[in-house]
Amino acid sequence: MTSRPASGKGLSVVAIDDERPALDELTFLLERDPRIGAVQGCNSATEALRVLQENEVDAVFLDIQMPGLTGLDLAQVLSRFRTPPAIVFVTAHDEHAVAAFELQAVDYVIKPVREERLAEAVRRVVEVGGAPPSADVQIPVERGGVTRFVNRSDITHVEAQGDYARLHTTDSGSHLVRTPLSTLAEQWADAGFVRIHRSVLVALPHVSEVRSDSGRVSVVVGGKELPVSRRHTRELRSVLTRKQP
Amino acid sequence: MEAEVRALRAQISPHFIYNSLGAIASFVRTDPDRARELLLEFADFTRYSFRRHGEYTTLAEELRSIERYLKLEQARFGDRLQVTLQIAPEVLPVAVPFLCIQPLVENAVQHGLEGSADKPDGAGHLRIVARDRGSDCVIEVEDDGAGEDPERVRRALAGDAAMDSVGLGNVDARLRNAFGDDYGLVVETAPGAGTKVIVRVPKFAPGVRVSGGAP
């Protein structure tokens with residue numbers, strides 16, 4: 001199984017479901033994932049096949065039970081492509097799981113789809129594709145009706161604010177995004193973001209110091225000292241020691 | 001008979017449940033009012049189907065539940081599912097075995113959708129008719145799907161477990177048990193000709209009373 005990073009702009013994926021609401025939802029969730037650059041929705045396997053023949057696609061997210069060509073049929077056809085895209089089945093039908101993995105599917109996600117579970121599937125797609133789709137990711141942030149983009153590599157740490165998260169950047173700016181911290185923690189784990197507190201995520205590349213004062217640990221990131229909770233100390237320590245060259 | 005009803009109740013398709021909930025989850029974002037409406041239809045549909053008592057119900061109750069079911073299916077499949085209901089009001093109070101029409105409608109929806117891709121309008125058509133016929137009430141559930149070999153249908157009605165249609169044999173057995181062997185299911189079908197299932201029930205039958213109570 002190979003999968004190609006289509007460009008520097010994240011994964012190019014195709015979502016396939018014959019039920020309109022299900023396709024809308026899947027497309028919406030995939031578009032929200034910062035690792036994904038382009039999503040194309042198709043309401044049949046036949047339509048998807050056309051798209052796949054004309055475009056470079058890294059992964060397909062597909063339903064199984066569809067009239068005409070089923071998801072399993074399509075996966076079989078795709079496996080004969082010279083550079084087949086990664087396959088993730090998204091279905092309410094758990095009885096097809098064995099057949100799906102025989103077709104070397106990367107993942108099998110059950111409907112209704114949870115965003116965190118889909119993020120894990122994307123992680124697996126990235127993993128089988130080798131290198132992450134791009135070194136940096138642009139995060140859309142909105143303020144006063146204007147959408148701006150922040151480079152993820154410029155983010156020093158993230159703080160939870162209810163269901164929102166506040167991104168702090170190297171230029172001491174801060175931006176609110178409508179994504180819960182838990183989702184970011186999962187999606188950005190590969191980019192070196194680590195939880196140090198229930199409500200704080202730090203970018204390891206920006207950590208300049210780790211301080212320890214009578215058992216109380218803190219990190220300095222972007223010139224700011226942030227406490228590390230007891231619960232997250234061990235995890236941080238193990239991540240840091242792994243990072244040492 | 002209770003065992004058969006229980007078997008049928010347990011048969012409510014998990015796929016239907018999870019796909020309906022998936023569609024509702026999607027509408028929560030795109031059309032919250034519709035999501036709310038569908039969620040309530042879903043609640044009422046499952047409440048009726050999980051009902052614990054009453055071997056009989058009125059045709060009105062059974063059809064109301066079917067309408068809810070169809071609303072949920074149409075939310076999922078949109079224009080690919082075209083439904084016509086034609087109900088004579090005078091037969092609505094007739095007592096029928098609980099869940100005796102619902103499985104037939106589920107089969108018809110499945111047949112219709114499977115065939116929808118080959119239709120000029122891309123839709124499967126489903127027709128439900130209830131008529132007053134003298135001392136009987138006649139209910140027809142018809143689809144324009146692929147149809148089936150009549151021999152296979154005969155085996156399904158005979159309760160052949162190898163056949164995929166447990167619902168058909170179950171409904172047939174319960175109708176005969178309630179009203180006698182003259183009242184078994186009639187299935188008109190052939191490959192390429194769609195399927196029509198005809199249910200005939202007496203408007204008044206000794207010993208048949210609706211006792212389930214309105215949900």
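Biologist: What share of the contacts in chain B with a separation of 6 or more comes from residues 24 or more positions apart?

Modeller: Contact means heavy atoms within 4.5 Å. Residues 24 or more positions apart account for 74% of the chain B contacts that have a separation of 6 or more. This is a predicted model, in which local features need pLDDT of at least 70 and side-chain atom pairs count only at pLDDT 80 or more, while totals for chains, interfaces and linings use all residues. Residues are numbered from 1 along each chain as its sequence is written, chains are lettered from A and ligands numbered from 1 in the order in which they are written, and side-chain values use heavy atoms, with hydrogens and water left out.

Biologist: How many helices and strands does chain B have, and what makes a run count as one?

Modeller: Helices (H or I, at least four residues) and strands (E, at least two) are DSSP runs, numbered from the N terminus. By that rule chain B has 7 helices and 7 strands.

Biologist: What share of chain B counts as buried?

Modeller: Buried means under 20% relative accessible area, exposed means over 50%, and partly exposed is in between (1.4 Å probe, protein chains only). Of the 215 residues of chain B, 48% count as buried.

Biologist: Which residues of chain B does Pro21(A) touch, and why is Pro21(A) called buried?

Modeller: Pro21(A) is in helix α1 (residues 20–32) of chain A. Leaving out residues up to four places away in sequence, Pro21(A) touches Ala23(B), Ser26(B), Phe27(B), Ala75(B) and Arg76(B). The relative accessibility of Pro21(A) is 4%, and buried means under 20%, so Pro21(A) counts as buried.

Biologist: How many residues are in contact between the two chains, and how much area do they bury?

Modeller: On the chain B side 16 residues are in contact with 13 residues of chain A. The two chains bury about 1,300 Å² between them, 53% of it on carbon and sulfur atoms. Buried area is the accessible area (1.4 Å probe) that two parts lose on being put together, summed over both.

Biologist: Why is the pair Glu19(A) and Arg76(B) called a salt bridge?

Modeller: A salt bridge is a side-chain nitrogen of Lys or Arg within 4 Å of a carboxyl oxygen of Asp or Glu. The closest N and O atoms of Glu19(A) and Arg76(B) are 2.6 Å apart, so the pair meets the rule. The rule finds 3 salt bridges across the interface of chain B and chain A. Helices α2 (14–30), α4 (59–77) and α5 (102–116) of chain B each supply at least two residues of the side that touches chain A. The largest share of that side, 10 residues, comes from α2(B).

Biologist: What makes Asp17(A) and Lys111(A) a link between distant parts of the chain?

Modeller: The closest N and O atoms of this salt bridge are 2.6 Å apart. Asp17(A) is in the loop between β1 (11–16) and α1 of chain A, while Lys111(A) is in the loop between β5 and α5, 94 residues apart. Both Asp17(A) and Lys111(A) are buried. The peptide bond from Lys111(A) to Pro112(A) is cis, with omega near -5 degrees.

Biologist: Why is Gln104(A) called exposed?

Modeller: Its relative accessible area is 53%, and exposed means over 50%, so Gln104(A) is exposed. Phi of Gln104(A) is near 60 degrees, a positive value in a residue other than glycine. Ser172(A) also has a positive phi, near 65 degrees, and is exposed at 69%.
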